[in-house]
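Dear colleague,

I am passing on the structure we spoke about, and I would be glad if you read my notes beside it.

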Amino acid sequence: MPSQSELLKLAKTHGTPLFVIDHKALRQNIAAFKKYLPRVQPYYAVKANSNPEIIQTLYKSGASFDVASMPEFLIVHENIKDLTEKARQDYIWDKIIYANPIKAEETLRELDKYKPLMTYDNYEEIKKIKKFSPNAGLALRLKVPNTGAMVELSSKFGAAPGEAVDLIEAAHKTGLIVEGLSFHVGSQCTNFENYVQALNLASNIFKEAKSRGYTLKLLDIGGGFPAPYDANVEPFKHLAKKLNAELKRLFPKEIEILAEPGRFMVATAATLVAKVVGKAKRDGKICYYINDGVYHTFSGIIFDHCHYHIKAFKKGPRHISAVFGPTCDALDTISLSEELPDLKLGDLVYSENIGAYSHASSTYFNGFPPAKVVHINQ
Ligand SMILES: Cc1ncc(COP(=O)(O)O)c(C=O)c1O
């Protein structure tokens, strides 16, 4: 996390709103993931923040990648385009998973020449993959409990455990190969029991598949690893300890274990600096208007159900204040209760831990462009 003086200096040089990406934090996050989960290969979920420089730093730090659209695939591919054809193909096969269970025909057609591993969770998808991407390897996405996660995903994706082995069999019958299983426990999953239950479900399906003649080789434990947004989030190493114990108990050494951390890698690696552009008192409360909002870097408030705190560089007695974005929509409300000192027009504020699902879903609504991106410690 850059110091306050560093942030002020950057804002002076580059203007605001400014999205500051700290590459040292990215390297620390992937190192922590590998240290605490040594058996699990991290496939960074590009959707969390697809900035090409982030992808490059994580690539150089030995990450693999979870992509969920053709453009995301091509951002990762930029880093391997100069490898020999064999090395490139090996990289795609070993280190990229196309982890969107639903793929358009055109996407499958385009993906086929790269022969990636891809997820699926239904019969229609098997037919499509067989027809348009017959060289792909498959991972069956399982529906698992998402209880208590900040972002729930199980209502949209995942085969019910009861139909899992039938879906594996159906894929094999068409000549496709199912390499393993994947699941997602929900994003910002602070309920670690979700992982324990998912691992137990997956282990039972490994056994049932084997008894029906299908040996699975890999398990993808998805994303969900919580970012330390506040002191209530239990440390990652506690989750890792639980996961390591369950993985050891349930899955023999030869089963390859992978994960798709998105938020965990990038949330703490970016800070947003914005400027106060308006101030009013409404119903007795001070309201600040800043030049970034929920249609932009704070889009995670809507799409990610995430709450970000606004901090001031200035000191002084603090009052409960509201903070709004710059657009004409009342939805563009960042917070109705931030403790802020008395700010003047032109003062700067900042928001930490805003690297995931923020800039990635920023729009040009109302003519305001996304925040400028700068990189530090690259
Ligand atoms: C299939 C898949 N994998 C990984 C992720 C990343 O999850 P997280 O950011 O919680 O680690 C997501 C997020 O939506 C996802 O849908």
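Predicted model: local features only at pLDDT ≥ 70, side-chain atom pairs only at ≥ 80, totals over all residues.

Residues are numbered from 1 along each chain as its sequence is written.

The protein chain is divided into domain 1, made of 4-19 + 269-376, and domain 2, which covers 23-267; these bounds come from an automatic or database domain assignment. The centres of the two domains, taken over C-alpha atoms, are separated by 33 Å. Domain 1 gives 14 residues to the contact and domain 2 gives 18 residues, where two residues are in contact if their C-beta atoms, placed from the backbone, lie within 7 Å. On the side of domain 1 that touches domain 2, the largest share, 3 residues, comes from strand β16 (residues 372-376). Helices (H or I, at least four residues) and strands (E, at least two) are DSSP runs, numbered from the N terminus. By class, that side of domain 1 has 8 nonpolar, 5 polar and 1 charged residues, with Ala, Val, Leu, Ile, Met, Phe, Trp, Tyr, Cys and Pro counted as nonpolar, Asp, Glu, Lys and Arg as charged, and the others, Gly among them, as polar.

The ligand is surrounded by 16 residues, of which the closest are Ala45, Ser187, Gly223, Gly262 and Arg263; a residue is near a molecule if its C-beta atom, placed from the backbone, lies within 6 Å of it. This shell divides into 7 nonpolar, 6 polar and 3 charged residues.

Turning to the helix pairs, helix α2 (residues 23-36) packs on helix α3 (residues 52-60) at an angle of about 45°, with their axes 10 Å apart. Axes are lines fitted to C-alpha atoms, for helices over the stretch in contact, and angles run from 0 to 180 degrees between N-to-C directions. α2 and α3 are therefore oblique to each other, given that angles under 35 degrees count as roughly parallel, over 145 as roughly antiparallel, 65 to 115 as roughly perpendicular and the rest as oblique. Their crossing is right-handed, a term that applies if the near helix is turned clockwise from the far one by less than a right angle, and left-handed if anticlockwise. His23, Leu26, Arg27 and Ile30 in α2 meet Ile54, Thr57 and Leu58 in α3, and this contact has 4 nonpolar, 2 polar and 1 charged residues.

Helix α6 (residues 105-112) and helix α7 (residues 123-132) pack at about 45°, with axes 9 Å apart, which makes α6 oblique to α7. The crossing of α6 with α7 is right-handed. Here Glu105, Leu108, Arg109 and Asp112 in α6 meet Lys128, Ile129 and Phe132 in α7, a contact with 3 nonpolar, no polar and 4 charged residues.

For helix α8 (residues 161-173) and helix α9 (residues 193-211), the axes come within 10 Å and cross at roughly 40°, which makes α8 oblique to α9. Pro161, Ala164, Val165 and Ile168 in α8 meet Leu201, Ile205, Glu208 and Ala209 in α9, and the residues of this contact divide into 7 nonpolar, no polar and 1 charged.

Finally, two places in the backbone deserve a look. Most residues other than glycine have a negative phi, and most peptide bonds are trans. The peptide bond from Thr16 to Pro17 is cis, with omega near -5°, and Pro17 is found in the loop between α1 (4-14) and β1 (18-22). His305, although not a glycine, has a positive phi of about 55°, and His305 lies in the loop between α12 (300-303) and β12 (311-312).

With best wishes
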